[in-house]
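Subject: Structure for your files, with notes

Hello,

Here is the structure I promised to send over. My notes follow below it.

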Amino acid sequence: MIGIYLDQVRAHAPLIHNITNYVTVNDVANMILACGASPIMADEAEDAAEITVICGGLNLNIGTLNRRTIEGMFAAGRRAKGLGHPVLLDPVGAGASTLRTRTALEIMEKIRPDVIRGNISEIRTLWENRPGRSRENGEEQVSAGATRGVDADIKDAVTEENLEEGIAFAKAFAKEIGCIVAITGAIDLVSDGDSCYVIRNGRAQMSRITGTGCQLSGLMCAFVTANPEQKLAAAAASVCAMGLAGEIGWSRMKDGEGNATYRNRIIDAVYQMDGDTLEQGAAYEIR
Amino acid sequence: MIGIYLDQVRAHAPLIHNITNYVTVNDVANMILACGASPIMADEAEDAAEITVICGGLNLNIGTLNRRTIEGMFAAGRRAKGLGHPVLLDPVGAGASTLRTRTALEIMEKIRPDVIRGNISEIRTLWENRPGRSRENGEEQVSAGATRGVDADIKDAVTEENLEEGIAFAKAFAKEIGCIVAITGAIDLVSDGDSCYVIRNGRAQMSRITGTGCQLSGLMCAFVTANPEQKLAAAAASVCAMGLAGEIGWSRMKDGEGNATYRNRIIDAVYQMDGDTLEQGAAYEIR
Amino acid sequence: MIGIYLDQVRAHAPLIHNITNYVTVNDVANMILACGASPIMADEAEDAAEITVICGGLNLNIGTLNRRTIEGMFAAGRRAKGLGHPVLLDPVGAGASTLRTRTALEIMEKIRPDVIRGNISEIRTLWENRPGRSRENGEEQVSAGATRGVDADIKDAVTEENLEEGIAFAKAFAKEIGCIVAITGAIDLVSDGDSCYVIRNGRAQMSRITGTGCQLSGLMCAFVTANPEQKLAAAAASVCAMGLAGEIGWSRMKDGEGNATYRNRIIDAVYQMDGDTLEQGAAYEIR
């Protein structure tokens, strides 16, 4: 019962507003088009607040953030929430710098995104610094330097060995923050606090392409926007779709091809995917 | 007599200055290189005004605009016009927000671009808010929200059924604004006010790739710059070249390929195209 | 003895901080991933200064620079140097505008990059305006307009005919500025002032892809960072690797493919390259 969420994206073709980093923005746009939705990008506060009105959902990604685009994120975020549009936060590099950690936390607190998608290191940074958490020494302190750039710490990966802890953590995060959380890695976890999808699609080589996480966030925002009554399942379906596209794309790789072509093959696989393919290829359990 | 305009681009290899959105800028650069011209990007006012001097033409694209880059557009636009360089305006998302509509109108009024290329929704927004148009209620009002993001409204498409109205509109726009207008969609119209090229190249799937419109604007700016005495025919030739590349690229698509690979195949097709191929493949009539 | 430097990149997987133009940034990221390193981009001064701390090397590229990102370059550059990280400067378009020339010179003087990589036109602009150079007429004057955009003047190309002068120039530049200089073109020169690598890998068609120079700068920064005791040889190895990837990628081009696909095939070739392949394919001599 996962395939239907992709069918809904294609049926409703939601327009997704993205304020996202300039590194991977083109791939995010093509990924959103590949799944049947449409992207628009606008990050100047004045423009962003108005553009978001004609959209169905908002995807906030803090990679290559700056003072001006942060202002745009808050302007668009407030407007989108006021209109009842789903808002997704991708806290790229939270934990790697104070500005990123602080911005992600502020968006979490003031915009209250419907969905947060990141790697385990980023999500843990948000958790450890979450609003309202009592601090032992009483002083405000925002962690930085804990994240190895935009990739999760290997030691922090969700594995078969620590899966129970991972699931418990995802549920606790979602429940306390009041959102859907998607923690992506070799094993992906998507939870709303009550149940947790454990997803085993994907291939390790996807991490050698820049922006597969950003692309997934765009895809997830489209899925959640097109399935407003089933946000958790839709978010999980997008993770399955991305992972499955990684598997299909890899199976089509030819001799001599590497990460640049693999990037295209993954987007192509989403473009070609229908609900049945997703249904049959999705590898998940609900816990 | 369309192929020669591509030959001229390859012969003269003009340098094209682009102030364009960060979503599709890489594809615009590769498209300009594919046709035999060279791209340069500079958007900081101080830099942009000076860079444009060493270029032959200027491509202004208002997607992801911000206060700083708007300033750069005016600085470069004024300088380019002062030097007699062709200036092209791509009013991405005009009608979708006040900032975009207002900026496009201001560029139209103060820079007076030689060519404006957009979809029917964007061009209609400019027309309805054009400088000097009498307003019924006397107050300034800039439309926003009329455009579905960066894609034209389906109801506003130029079709075989409303073709006569489309041609009349294109001619009226070009004549009153005093520029060449290119209205692109399933059927493309390019007019200088006196005659109108009606072009039927291209494939519907091109709209599932981000930035085919932006790429065409870059291509068109190169064609017009390399053919200063034949701007209308050169602009029309670029539309034929882009559409033909969409047809050739599609014919080379292999099993499992989608919009990401199609993007590459279109740019590749322009790279491989010569004047004869364009001549034979161009599907247009002059009205 | 060139292949080992690639093996070291894969063994150490350095994290490279890039402040680079938005035109080619995605390709730079994928190229850095292709060679086994990891990229991170951050250009807001506050963020950039902190992000660079968790990285191993810093790649500064002045294409599409603006006041804000220039500030970021200096903040990150000072921090990186303070930590002993290698800093690379890619003076894109130096000579084409005052802002670019001045910024490149200021970075050269105040940050003192370990490596400078550019085309002959850009490097000559830096040389003719280098800090401390006596000026005949006593007044400060920064050249602009000498560069044809971001491509080197043809007349300034390093050729077999003027190779001796080229080598002497590269050595003089490196010695006086106190850095490694890489002058890339049909023939590439990499010198530390004492010796000079003369490299004949690559294909002319690489210049019809946007950003092969930017990609090489990212690659070179990764190589130098992973081989801190052998910076000259590592920088030369990266030039061989890029050129060899251009040869391998070209050999895999199929009928109808052009510059967009060639771009992917080059990155793919680096992804697939190992030390032995580089060793056998590198075409260089040391002078």
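Which residue of chain A comes closest to the rotation axis? That residue is A:Tyr22, whose C-alpha lies at 3.6 Å.

Before the rest, some ground rules. This is a predicted model, in which local features need pLDDT of at least 70 and side-chain atom pairs count only at pLDDT 80 or more, while totals for chains, interfaces and linings use all residues. Residues are numbered from 1 along each chain as its sequence is written, chains are lettered from A and ligands numbered from 1 in the order in which they are written, and side-chain values use heavy atoms, with hydrogens and water left out.

How the chains are related

Chain A is superposed on chain B by a rotation of 120° with 0.0 Å of shift along the axis, at an RMSD of 0.0 Å. The superposition is by least squares on the C-alpha atoms of residues with pLDDT of at least 70 in both copies. These two copies are thus related as by a three-fold rotation axis. For chain A on chain C, the rotation is again 120°, the shift along the axis 0.0 Å and the RMSD 0.0 Å.

The copies A and C use different surfaces, since 6% of the contact residues of chain A recur in chain C (contact means heavy atoms within 4.5 Å).

Helices (H or I, at least four residues) and strands (E, at least two) are DSSP runs, numbered from the N terminus. In chain A, the axes of H6 (residues 120-128) and H7 (residues 163-177) come within 11 Å and cross at roughly 45°. Axes are lines fitted to C-alpha atoms, for helices over the stretch in contact, with angles from 0 to 180 degrees between N-to-C directions. H6(A) and H7(A) are therefore oblique to each other (under 35 degrees is roughly parallel, over 145 roughly antiparallel, 65 to 115 roughly perpendicular, and the rest oblique). The crossing is left-handed, that is, the near helix is turned anticlockwise from the far one by less than a right angle; clockwise would be right-handed.

On the H6(A) side the contact has A:Ile120, A:Ile123, A:Arg124, A:Leu126 and A:Trp127, and on the H7(A) side A:Phe169, A:Ala172, A:Phe173 and A:Glu176. By class these are seven nonpolar, no polar and two charged residues (Ala, Val, Leu, Ile, Met, Phe, Trp, Tyr, Cys and Pro count as nonpolar, Asp, Glu, Lys and Arg as charged, and the others, Gly among them, as polar).

In chain C, the axes of H1 (residues 3-12) and H8 (residues 212-226) come within 8 Å and cross at roughly 80°. H1(C) and H8(C) are therefore roughly perpendicular. C:Tyr5, C:Leu6, C:Gln8, C:Val9 and C:His12 of H1(C) meet C:Ala222, C:Phe223 and C:Ala226 of H8(C). This contact has six nonpolar, two polar and no charged residues.

Regards
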